[in-house]
Amino acid sequence: MDKIRRTKVVEVLQRTDYGTVVNVKGWVRTHRSSKAVDFIAINDGSTIKNVQVVVDPEKVDAAILKQVTTGACVSATGVLVESMGAGQTSEIQCQELEVLGLCGNDYPMQKKGQSFEVMRKNAHLRLRTNTFGAVMRIRHNMAIAIHTYFHEHGFFYFHTPLITASDCEGAGNMFQVTTKNLYDLKKDEEGKIIYDDDFFGEQTSLTVSGQLEGELGATALGAIYTFGPTFRAENSNTPRHLAEFWMIEPEVAFLNQEELMDLEEDFIKYCVQWALDNCKDDLEFLNKMVDKTLLQRLHSVLEGSFVRLPYTKGIEILQEAIKKGKKFEFPCNWGDDLASEHERYLVEEHFKRPVIMTDYPSSIKAFYMKQNEAQGDGSVGYQGCVAPGRTMQGTDVLFPQIGEIIGGSVREESYDKLMAEIKSRQMETDKLWWYLDTRKYGTCPHAGFGLGFERLILFVTGMQNIRDVIPFPRTPKSADF
């Protein structure tokens with residue numbers, strides 16, 4: 001038989017030119033045998049759906065058929081015919097079958113109903129399962145949606161460094177980057193490590209955010225966005241945290257708080273709509289197998305506007321709920337950083353739609369956020385609180401199932417106010433001189449936000465653990481694969 005060029009499974013299933021000879025290559029999902037006929041389901045990752053290859057056992061060597069086990073890689077050539085079976089339009093009447101890669105009986109992904117925990121231990125193979133294939137195709141589509149949205153709205157894709165000498169969030173939980181001999185560290189009289197002989201001549205780390213550099217881009221190009229990996233060395237094993245994850249961080253010059261909220265809402269709705277328009281088969285699979293409310297929840301995000309809720313009002317709602325018997329694990333007094341349970345209560349139970357929470361106390365937010373004027377922002381006493389402090393123009397988007405999915409704010413453009421905030425927090429300014437320069441030379445009002453890419457994928461797929469929406473998760477004590 002003349003060599004037939006391979007056709008992807010997704011394309012084969014869309015074709016109706018029955019009688020044509022086609023070739024597919026992929027991995028065996030199932031193999032059902034009988035004396036009269038064999039049915040082999042093949043998937044190549046291009047779609048959640050398998051193509052069925054029908055084999056006459058009298059026309060194919062029995063030794064080859066015996067090698068066609070779950071997980072084996074095969075090439076099948078045959079005639080495309082209309083399928084008589086339910087749930088599929090086309091199938092292949094096999095003329096030639098070749099095993100490209102054998103798969104042993106100890107293949108970890110053979111069993112049905114495996115837990116996600118077991119699959120995480122086999123992250124190098126779990127990508128071949130239906131669930132993770134669907135998640136990864138959706139992840140790809142969300143990346144395309146993000147780039148498309150910003151390109152269509154006049155943003156420039158801006159690359160910020162992964163290695164940095166500054167700590168954007170002031171958290172201190174950063175992975176250090178060094179070429180020094182860790183077994184022979186030179187220290188000064190105070191016991192501090194001397195970095196003069198290190199590669200960069202100073203202490204450097206993997207970045208926790210590209211925001212500060214992104215602000216520089218916005219003051220030159222007007223509107224930029226970053227999309228890249230970030231790193232946080234938090235010893236956290238929750239279903240919402242990773243040590244290595246991807247962030248999308250747009251920064252826009254001349255944007256005020258209302259306009260920032262408009263951007264956040266429009267952007268996130270665009271991404272959800274993109275998923276519904278371009279990932280139909282995968283979403284329907286996940287809605288059936290992982291979360292039966294997934295599609296309903298995705299559609300609900302697109303219905304109506306997001307609630308815009310000042311932090312102070314949010315605290316009032318939460319405290320009123322407590323009075324009526326609602327129990328929370330963590331406190332929620334004015335000045336507290338809200339926990340995920342508080343955010344989800346507001347979104348899922350009280351408003352029943354996404355919320356953009358604004359005007360947080362400055363004490364729980366980053367140094368670079370623009371302060372509100374004192375009048376009417378909850379800064380002078382609140383329900384008996386003693387001088388809780390001023391509020392910042394934060395704009396965090398809270399989603400069902402997730403809690404905070406976007407963290408944003410207007411940035412402080414005043415050099416004097418920014419310096420005062422840095423000093424009040426006892427932060428070192430020597431690493432931020434270049435950032436402060438932007439407030440000295442042609443400063444401008446600007447704003448931006450950060451979206452954790454994996455949190456978006458969590459919401460769009462209905463998965464429950466952030467380790468299951470990234471191909472190879474990096475978490476405490478785990479850096480395999």
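**Entry 1: a buried pair**

I started with Glu454 and Arg139, and both are buried (buried means under 20% relative accessible area, exposed over 50%, partly exposed in between, with a 1.4 Å probe and protein chains only). I'm working on a predicted model, where local features need pLDDT of at least 70, side-chain atom pairs count only at pLDDT 80 or more, and totals for chains, interfaces and linings use all residues. Residues are numbered from 1 along each chain as its sequence is written, and side-chain values use heavy atoms, with hydrogens and water left out.

The side chains of Glu454 and Arg139 form a salt bridge at 2.8 Å, N to O (a side-chain nitrogen of Lys or Arg within 4 Å of a carboxyl oxygen of Asp or Glu). This pair links distant parts of the chain, 315 residues apart: Glu454 sits in helix α14 (residues 453-461) and Arg139 in helix α5 (residues 130-152). Helices (H or I, at least four residues) and strands (E, at least two) are DSSP runs, numbered from the N terminus.

**Entry 2: other salt bridges**

How many salt bridges does a search of the whole structure find? I got 27. Asp291 and Arg297 meet in one at 2.6 Å, N to O, and both of these residues are buried. I also looked up Glu412 and Lys370, whose side chains meet at 3.9 Å, N to O. Glu412 is in the loop between β15 (403-411) and α12 (415-424), while Lys370 is in the loop between β13 and β14, 42 residues apart. Glu412 and Lys370 are buried too. Then I found a network of salt bridges linking Glu258, Asp262, Glu265, Lys269 and Arg308.

Is Ser362 buried or exposed? I put Ser362 down as buried, because its relative accessibility is 12%. Leaving aside neighbours within four places in sequence, Ser362 is in contact (heavy atoms within 4.5 Å) with Arg390, Thr391, Met392 and Arg425.

**Entry 3: strand β1 and its partners**

Strand β1 (residues 21-33) runs antiparallel to strand β4 (residues 73-82), with seven bridges between them (two strands pair if DSSP finds at least two bridges between them). I checked Val22, and its bridge partner in β4 is Gly78. β1 also runs antiparallel to strand β2 (residues 38-43), joined by six bridges. Here His31 has Ile40 in β2 as its bridge partner. A hairpin joins β1 to β2 through four residues.

**Entry 4: strand β7**

Last, I looked up Ile163, which lies in strand β7 (residues 163-164). Ile163 counts as partly exposed because its relative accessibility is 38%.
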